Amino acid sequence: MSTLPVFRWRLAPDGYATRRQLRARGLRPGGQDVAAQLERPRRRGRPPLVAYLYRVDLAKPVRPMTPARWAALAKANTARRTCPTCRRDAGYVIPPTLGTCVPCAYPEQYAA
């Protein structure tokens, strides 16, 4: 089993990028394994922060959004905005901690 090369924070050589950095360039890892990792030391005995790096030359372009994908995304967002209690569009994404829109969660404050 081979170990990954480890670089200090901000000292990775050119040709490596994190998932976010790849995405900013319009790329994705494309099935490749993690090529290296960054470690940022922390104080007081806490474990270091770790970021995984991928090779830019092996990255593939991001797949374009198709009409079906746009429709699925719109449907998912609509479901996140619809209150399961009153079945209305709340106008915002319903917080998972409440599970319903705010007027349904706190009816005593919104009684007319």
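# Charges and strands, step by step

Arginine 42 sits in the loop that links β4 (36-40) and β5 (49-55). A quick reminder before we start: this is a predicted model.

User: Why is arginine 42 called partly exposed?

Analyst: Its relative accessibility is 32%. Buried means under 20% and exposed means over 50%, so arginine 42, at 32%, counts as partly exposed.

User: What makes up the patch of positive charge on the surface?

Analyst: The patch gathers Arg10, Arg40, Arg42, Arg43, Arg44 and Arg46. Arg counts as positive, so these residues give a positive patch.

User: How do you know that aspartate 57 and arginine 55 meet in a salt bridge?

Analyst: Look at the distance: N to O is 2.7 Å. The cut-off is within 4 Å, so the pair of aspartate 57 and arginine 55 qualifies. In general, side chains of opposite charge can pair when their charged atoms come close.

User: How many salt bridges does a search of the whole structure find?

Analyst: The search finds 2. One of them joins aspartate 89 and arginine 81 at 3.2 Å, N to O, and that is within 4 Å, so this pair counts too.

User: How do you know that β1 and β4 pair?

Analyst: There are 3 bridges between β1 and β4, which run parallel. Pairing needs at least two bridges, so β1 and β4 pass.

Terms used
Residues numbered from 1 in each chain as written. Predicted model: local features only at pLDDT ≥ 70, side-chain atom pairs only at ≥ 80, totals over all residues. Heavy atoms only, no water. Patch = residues over 30% accessible without salt bridge, like charges linked within 9 Å, V, L, I, M, F, W, Y side chains within 5 Å. Areas by Shrake-Rupley, 256 points an atom, 1.4 Å probe, with all protein chains shown as cover. Salt bridge = Lys/Arg side-chain N within 4 Å of Asp/Glu carboxyl O. Charge placed at Lys NZ, Arg CZ, Asp CG, Glu CD. Helix = DSSP H or I, 4+ residues; strand = E, 2+ residues; numbered from the N terminus. Buried < 20%, exposed > 50% of the residue type's maximum accessible area, 1.4 Å probe, protein only.
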